[in-house]
Amino acid sequence: MNRPVRTIKKARASKVMSGAGLLVRTLADCGVEFIFMEEHPDTEPVRDAALRQRGLKVIHPVSETSCVPMADVCSRYTGRPVVALTAGGGHCLNQVMGMTTAWGDKSPVISIGIARSRGAGASPVFDRERTDPCEVFSSISVYHETVRAWSDMREIICRGVRESLSAKGGTVHIEIPIDIIESTGSLSSDASPGDTECFAQVQAPVRAEEKKIDQAVDLLLRAKRPMIFAGGGAVRAGAAQLVNDLARKAGIPILSSMGAMDVVDPANPMYVGPSSYLAGEAFHYAIEKADVVLAIGACFGGLDGFGLPPLWSGKIKFIQVNIDPTYIAFNPGAEIAIVADARETVNQLMERIEAVSSRLPDWTSWVSSIKRRYHGHVERVACEAKNHKSKNGRLHPAAAVLAVLDRIVASDALVCVDGGNTPLWAGMFASVKGPRRVFFPTGMATLGVGIPMALGLKTAAGNRRVILFTGDGSLLYNIQELELIKRYNLPIIIAVNNDSAWNMIRAGEIMLHRCVGTALPEQDYAAVAESYGIPARRISSLDEIPAALDKAFSSNGPMLFDIATDNNVYPDSLASFIRVEFMGSLMPQPLKKMLNFYQNEIKIGRNVINIMKYLMKTM
Amino acid sequence: MATYLGADLIVETLVREGVRHVFTVPGGQMIPIHYAIDDHKSMELVVPRHEGAAALMACGYSMAGLPSCVMATVGAGIAYEAGSLAFAWRERLPVLSLAPQVQSYKMKPIQENLQACDQDEIFAPITKFHAIMYHRDRIPDLIRRAVKIALAPEPGPVHLDTPVDVIFGFKRVSRSKKKRLFPDRRFRFEGSVRPSKEAVRRAARVLASSKRPLALVGRNVERSRAGEHLMNLLNATGIPVVVSSAAWSSVPGASELNLGHAGLWRNERGIKALSRTDAIFLIEADEETGRLVRNIVERDSGAAVVQTAGLAASVGSLVPVTAGITGSVIPVLDDLAAASGSFRESSHRERSWVPSLMKEKEVSAKEYLRVIGPAHRVKACAGVIEKIGAIAGPDTLIVCDGRMAAGTAMTTLKRSGLHNTVMCADDYAPGAGFPLALGMKCAMPDRDVILITEADSFKRHSRELQTMNRYNLDMSIFLFQDKDKKPKEEVDFASFTKSFGIEASSISSPEREITEMTARDTAGSRRGILFDITL
Ligand SMILES: Cc1ncc(C[n+]2csc(CCOP(=O)(O)OP(=O)(O)O)c2C)c(N)n1
Ligand SMILES: [Mg+2]
């Protein structure tokens, strides 16, 4: 991995500069390259300074709400801190969406609000504009601070960057009053906080104790059904390739958490399916049967079934590797705990495994028993999708997704996913390989960040094409940013799974009872895109997809496909998801409501039966 | 005995609190709440395309004076909602915000659940009250308490989280238990609070002896629909008035005492002119009038200050006061009017005071229009707004959004009637105007609504055109685009609007074309329409 932070250079002889100048200079010194900035009179001084600062790029989204999601994905892609900068007050508070999402994914986003001076003295009971955004952001950031003097700014920014990259990492919010941005001061070598050592600490990888490595390998050698479980920490540490190598070398099947969607290479012989629930039955089988799990940079969140019963077997012995001691045994207890850098640890494990390679048991039949379940599952879905006949002539979403995936696997395109069921469909086939290639707001599953994410990714990824799979519900949230895609004629392809429903919720409703509030109007989203000047077309048959994609790939600009799909089919991995989200809540409904179910206009179709069968298999 | 889910208890309480519409974007954890709402004939779900828009619609609904509720799903939903609820907080709108949380045994501290965050802490700084409904038996009580606090003086939003196991959990509720949960009692004070006679007399005396009195009026006068009472008092006493932009519609444009909005005066010259006052009459101060009064007092004007406020703690919180009155807006204004008798004729009042300020206002208005946009655009915009003013009846609601559109309207729009215009001029919540207008239309379907907005603002929530069409929240939208700024690849708003099934037309000579629209409008066409005006 490219190490994120350059060492702070001691500033040479004192130099007079504005607050804005000091800010951008410090950001550049901290290794920041991109600033997603709201276009606003209050941010102008910073923009002007940033344009003069070498190494900084400024991108203006259409709406300030998009700044953080753009920065979020950009930081996840580059592994470096990225800045989102907006005006103060309500503009700043509109960052709660992006900040919560980025915080949920532990992305190193530095959000900066340029605050209007709030004046002193008025009673806060009275003056509600004085509400401090730092307070609002306190629970969704790892560090937050208000700059109160020109001379404090550099230190606070450096601290923010350091915190954002620390063990757990995550979002940071900094308030800077506009008066400080506009005032001047002088930066001398002794005025700058000698941050060199602190940065060095952030960068220094930590090795695991040899004793622990021996114990871990011993435990693995004794395992009948071992498994490697890679989490977001593995990606952040730049250990994606290494964990793949380790699995291959040891012959141990490897699965990943939802937060590390693209970490496992589908070409790896130890690949047994995509992340977590997306692998469907195979995932449930594996976590029920495994006896030893080597977890690398995983904290076992809700989207991974917490690593605990009822989904995971209670008998599993966990070897947990994490850089942050808090995340050791955060959910399931650990048999062996290793606090160290994932990259270093995997290297150490690999050496040790090589040394004992002759004693490695043969786990092939265990590996293939998981694989079989995964392939069986996706083949059944693919087959159903292909033969799907809906009354209204709409396509099966899985068929649509497969047709698009077919065309993009061979390319080096980056993928963003947005929606409810849409990501489940798009993720279950997982033929796109390579770390940092697929992006989804895993922690918060926030709808609507797809377009900003695609833009943020495009900014960071140079020539690579970006494809966005999105639900129709999600598409409109930040539709205003199509304007930006058009303005720079960015080659972003948007595939809309247009099922005229908030379908994940609608599916949940059907399983429970009846549908309320989850229908969406029939809408031609191609027409919406065209009003932005973006070429678009409505797709109503599978045969149209390859040619349409060819056209998109040969053009240098954006394109949107509005694919009309059937909302009466559901991915059955939805059932896994619902089981955990509602654990302890989904008791049988009162009799009266159950009776209603049968009077309902919704038939218990084939799909519901499939889901029932699926649930039986996962219990 | 009947079985109640936690969700049923929530909705039962909402019904009893008079909530009719719930603005929400669906979420799995709220499904039983959707059902319970659907089961109540008097209640309806309104589903826009963004939780922030849902919150702003609830704000508009609340501005119409109705009990208002927004509901957003755990984590992701509330994250979009929060920024918009901050608008309710600033604007003192008693909006009830509800959200599910993850299971009670998995929250606080969070355990890496999907979508789990300490949402109560996000809302704490921007609500008057927040709580977690850990136990089903506390649901009715906590909702009633939240609503009561939301409505109490210096109103504002409140937020309640409910863990998903409490929402889904069900239990039989006996009749006597139901009686205990929903007693047949009153849960909040609904009358008004009269001010003390002594306080009123003292305040009246200060105002009566003043040579150059000046009234500053804040948003609670607008929220209390107290414009008529205010004007009775001002007309009886001849006190000229500056309003905050939120209270713009509390003073008739044609009043000879109307000095316009605070924004006109917050410049060197304006403050100097106002500082000649010897008695400031601060009525329900808000941020805008608050800043202005401090600017004046900082000049050592030596003026007496009379302040009236609903909340005792607000009196004297900005500047020291000579006389303070606490009480509900309308009785305070009425009692003051009664106590003031007819001292308008009092001989010591400086005759040139009001005319001199009026002259200053003209100057300030010119200067103000100069700073809010390029002269030719502001002029054209003013022309259109004037026309709209002529078209609109006193019952038509006009919402103005954006610095230039609202700024121009505040200086040039002439309207008859009170409390029929909403100004979003100060850029606190960019683009709030459209969802606010939708929420108002939802609350008052019989009234015509006109939205005057500009591209930069409208973009923020333009997706809600779909919501407008879906729920028949018809209105006429006048959208100003900047010809100079508009890059040629910018969105074509007319076809954007049409793609949602709403009529739209691009207008190049507003002078002529808007008259035609008048004709059609009077012919009774009541479909939504957008006019894309490039200036
Ligand atoms: C901001 C936000 N609001 C609500 C939800 C709850 N939610 C999860 S999936 C879903 C439906 C999404 O609809 P769409 O984007 O059309 O995708 P589909 O499920 O239909 O594929 C909703 C409303 C959420 N995750 N985020
Ligand atoms: Mg959908």
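Me: Which residues of S17(A) are buried on one side, and which on the other?
Reply: This is a predicted model, so keep that in mind throughout. In a regular strand the side chains alternate between the two faces of the sheet. Here both faces of S17(A) are covered. One side has Ile492(A), Ile494(A), Val496(A) and Asn498(A) buried, and the other has Ile493(A), Ala495(A) and Asn497(A).

Me: How many of the residues in strand S17 of chain A are buried?
Reply: The strand spans residues 492-498 and is mostly covered. Buried means under 20% relative accessible area.

Me: Which residue is the bridge partner of Val466(A) in S17(A)?
Reply: Strand S16 of chain A covers residues 466-471 and is joined to S17(A) by six bridges. The two strands run parallel. Within S17(A), Val466(A) has as its partner Ile492(A).

Me: And which residue in S19(A) does Ala495(A) stand opposite?
Reply: S17(A) also pairs with strand S19 of chain A, residues 559-564. That pairing is parallel too, over six bridges. Opposite Ala495(A) you'll find Phe561(A).

Me: Moving on to the metal, what spacing do the donors of the magnesium ion (ligand 2) follow along the chain?
Reply: The ion is held by OD atoms of Asp472(A) and Asp499(A) plus the O of Ala501(A), at 2.1 to 2.2 Å. Asp499(A) and Ala501(A) are both buried. Written along the chain, the donor spacing is D-x26-D-x1-A.

Me: Where does ligand 1 lie?
Reply: There are 24 residues around ligand 1, and those that come nearest are Asn421(A), Thr422(A), Asp472(A), Ser474(A) and Glu51(B). That list draws on both chain letters. Ligand 1 lies between chains A and B.

Me: How much of the accessible area of ligand 1 does the protein cover?
Reply: Start with some polar contacts: a backbone atom of Asn421(A) is 2.7 Å from a ligand oxygen, and a backbone atom of Ala501(A) is 3.0 Å from a ligand oxygen. A side-chain atom of Tyr477(A) lies 3.4 Å from a ligand nitrogen. On its own, ligand 1 has 580 Å² of accessible area, and the protein covers 97%.

Me: Which element of chain B gives two or more residues to the shell around ligand 1?
Reply: From chain A, the contributors at that level are helices H17 (421-429), H19 (472-475) and H21 (503-512).

Definitions and conventions. Residues numbered from 1 in each chain as written. Chains lettered and ligands numbered in written order. Predicted model: local features only at pLDDT ≥ 70, side-chain atom pairs only at ≥ 80, totals over all residues. Heavy atoms only, no water. Donors = N, O, S within 2.8 Å, 3.2 Å for Na, K, Ca; no water. Buried < 20%, exposed > 50% of the residue type's maximum accessible area, 1.4 Å probe, protein only. Near = heavy atom within 4 Å. Polar contact = N/O pair within 3.5 Å; in protein donor to acceptor, adjacent residues only side chain to side chain. Areas by Shrake-Rupley, 256 points an atom, 1.4 Å probe, with all protein chains shown as cover. Helix = DSSP H or I, 4+ residues; strand = E, 2+ residues; numbered from the N terminus. Pairing = 2+ DSSP bridges.
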